[in-house]
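Morning, everyone. Let me put the model up and walk you through it.

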Amino acid sequence: MGRFILHCDLDCFFAAVEIRDNPQYKGKPVIIGADPKEGKGRGVISTCSYEARVFGLHSGMPISQAYRRCPHGIYLRPNFTRYLKASKKVMKIIKQYSEDFQQGGIDEAYIEVSDKCREFSEAKMIAERIQKDICEKVGIGISIGCAPTKSLAKIASDLNKPNGITVFTSENYKEQLKDLDITRIPGIGKKSKVYFYNKGIRTIGNLSDISLNHIIKFFGKQGKWVWQIVNGIDNRKVKEFHGKRKSISAERTFFTDTYDFNEILSRFETINKKIHKTVNKNQISYKTITLKIRFERFQTFTRSRTFPYHIQDEKFVLNTILDLFKEFSSNKKKIRLVGIKLSNFEKNHKARQTNLLNYVCI
Ligand code: TTP
Ligand code: MG
C-alpha cells in the first residue's frame, strides 16, 4: 500500500503571530527582525509577511536593504516567547491527527496518515481539517504538502504558500516537479545550485532524467540523495526522535467497508503483529489495551481495558481486542476501519506473559 505523508509549515510564522495579535497590521508589509534605524540598522530580517515579499524582502536579507525597498513597512523586533507558545499549540493540534508525528523546526512538522487513508483525496481532507483547526484555534495560516515520501511532502508544502494544500501522488509528482528550479529541493541552496547549473541541470526534470551513475560521478553523495528524492526514493519514517512515547497504535482502513468477520479478524491480527514488532524491539510493557472501530459514515468508537499489571503478550492483546469487539459484533453497519492502541507503558518492566486464566481486569 502507498504511503501518505503530510508536511505542515506555518506561513510567515513570526509575522503571522504579530498580525494575529495586532489586527491593524493585517494586509500590510510586516517585517520581523533587527531595528532598521531608518536604513542605517545592522542585522537581518527573520521573516516578513507576504505583502512585504512583494517588494523582494525575504528571511536573511540585511535590514538596511529591506528598509530601502520598503520604507513604509511595519518593522518589529521578534518576541520569541509568544512564537514558542503558538508553535506548541500548533504542534499539539497536528499531533492529534496521527501518532506518527515528527516536528521539524519551530514551525514545521510531518505526520504520516497511511493507516487512515485509502487514497490521496482522503489525505487531502485531513490536511484541510488541520488547516481549519489551526486557523480557528491559533489564528494563523499553514500550508500543507501531501505526498508518498517525506522529502516530496516538504517540497509540496512550499509550492502554494500561503494557505496552500498541494498533493503529489505517485503518478503525478514527476509531472508537477519537472519544470521547477532545483533550489526547490531541500538542501540545494544558492551555493550548491551553481554546481548543478554548470552541468546543465537547472530543473528538477533535468535532474531526474539523468542516470544515477552519472549523478554520482558528478556530485557524489549529495547528488545521489537529491536524485533519489526527485525519483520518489525516500524510505525515512516519520518518527519523533526525542521524547517518550506514551502509546503505540496502528489502524487500518478496509479497501471497501465490510461486515465479514474473517476479514476483520485478519486485520486485527496484522495490526497486532505490527504493533508487537515495536513492543518487542523496545521491550515495552503496557497496562491498557484499546480497541478503535469506525463504521461507515465515520461513526467512531473506542473501548479500553486496563489491567492491574504490565503485559507484553501478543496473543493476550488479540483476545482482549476480540472480547471488546463483541459489543459491536451485532451492529448492522459496515466497518470502515479498525485499530489497536497500547498505552500506560513501562520500559523493561518484568512484564507478564499472561494467559486467559489470569485475565484480571479493573
Ligand atoms: P520558515 O518556515 O522558513 O519561514 P516562514 O514561516 O516565516 O515563511 P514561509 O511562509 O515561507 O514558511 O521559518 C519559520 C520561522 O523561523 C520564521 O517565521 C522566522 C524564523 N526564521 C528566522 O528567524 N530566520 C531565518 O533565516 C528563517 C529562514 C526563519
Ligand atoms: Mg514557515
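Start with Trp-227. Is this tryptophan buried or exposed? Trp-227 counts as buried, because its relative accessibility is 14% and the cut-off for buried is under 20%. You will find Trp-227 in helix 10, which covers residues 212–230. Now look at Asp-209. Trp-227 and Asp-209 are 18 residues apart along the chain. Their C-alpha atoms are separated by 9.2 Å.

One caution before I go on. This is a predicted model. Please keep that in mind for every number I quote.

Now zoom out. The chain has 362 residues, and 48% of them count as buried. It holds twelve helices and twelve strands. Along the principal axes, the C-alpha atoms fill a box of roughly 80 × 50 × 40 Å.

Next, the metal. Which residues coordinate the magnesium ion, ligand 2? Asp-9 and Asp-107 each coordinate through OD, and Leu-10 through its O. The distances run from 2.0 to 2.2 Å. Along the chain, the donors follow the spacing D-L-x96-D. The site of this magnesium ion has six donor atoms, and the angles among them run from 80 to 176°. That site is octahedral.

How covered are these residues? Asp-9 has 14% relative accessibility, so Asp-9 counts as buried. Leu-10 counts as buried too, because its relative accessibility is 1%.

On to ligand 1. How many residues surround it? The count is 13. The closest are Cys-12, Thr-47, Tyr-50, Arg-53 and Asp-107. Notice Asp-107: it is in that list, and it also coordinates the magnesium ion.

Where does the shell around ligand 1 come from?

Now the polar contacts of ligand 1. A polar backbone atom of Phe-13 is 3.1 Å from an oxygen atom of the ligand. For Phe-14, a backbone N or O atom lies 3.0 Å from a ligand oxygen. Arg-53 uses its side chain: an N or O atom there is 2.9 Å from an oxygen atom of ligand 1. Taken alone, ligand 1 exposes 550 Å², and the protein buries 67% of that.

Stay with Cys-12 for a moment. Cys-12 sits in the loop between strand 1 and helix 1. Its phi is near 30°, a positive value in a residue other than glycine. Cys-12 counts as buried, because its relative accessibility is 11%.

Asn-344 has phi near 65°, and it is not a glycine either. Asn-344 is in strand 12, residues 335–347. Its relative accessible area is 39%, so Asn-344 is partly exposed.

While we are on the backbone, look at Pro-162. The peptide bond from Lys-161 to Pro-162 is cis, with omega near -10°. Pro-162 lies in the loop between helix 6, at 150–157, and strand 8, at 165–167.

Now helix 12, residues 314–329. Why does its length agree with expectation? At 1.5 Å a residue, its 16 residues should span 22 Å, and the end C-alpha atoms are 22 Å apart, so the two agree. At the start of helix 12, a side-chain oxygen of Asp-313 reaches to within 3.2 Å of the backbone nitrogen of Lys-315. Several residues of the helix are buried, among them Phe-316, Leu-318, Ile-321, Leu-324 and Phe-328.

Leu-324 leads us to Arg-303. These two residues are 21 apart along the chain, and their C-alpha atoms are separated by 6.6 Å. Arg-303 lies in strand 11, residues 300–311. Its relative accessible area is 27%, so Arg-303 is partly exposed.

Last stop, Lys-137. Lys-137 is found in helix 5, residues 120–137. At 47% relative accessibility, Lys-137 counts as partly exposed, because the exposed class begins over 50%.

Technical notes:
Residues are numbered from 1 along each chain as its sequence is written. Chains are lettered from A and ligands numbered from 1 in the order in which they are written. This is a predicted model: local features need pLDDT of at least 70, side-chain atom pairs count only at pLDDT 80 or more; totals for chains, interfaces and linings use all residues. Side-chain values use heavy atoms; hydrogens and water are left out. Donors are N, O and S atoms within 2.8 Å of the metal (3.2 Å for Na, K and Ca); water is not among the atoms, so sites may look incomplete. Four donors count as tetrahedral if all angles lie between 85 and 135 degrees; four count as square planar and six as octahedral if opposite donors are over 155 degrees apart and all others between 65 and 115; anything else is irregular. Buried means under 20% relative accessible area, exposed over 50%, partly exposed in between (1.4 Å probe, protein chains only). Helices (H or I, at least four residues) and strands (E, at least two) are DSSP runs, numbered from the N terminus. The expected span of a helix is 1.5 Å times one less than its number of residues. A polar contact is a pair of N or O atoms within 3.5 Å; within protein, one must be able to donate a hydrogen and the other to accept it, and residues adjacent in sequence count only if both atoms are side-chain atoms. A residue is near a molecule or strand if one of its heavy atoms lies within 4 Å of it. Accessible areas come from the Shrake-Rupley method with a 1.4 Å probe; for residues, only the protein chains shown count as cover.
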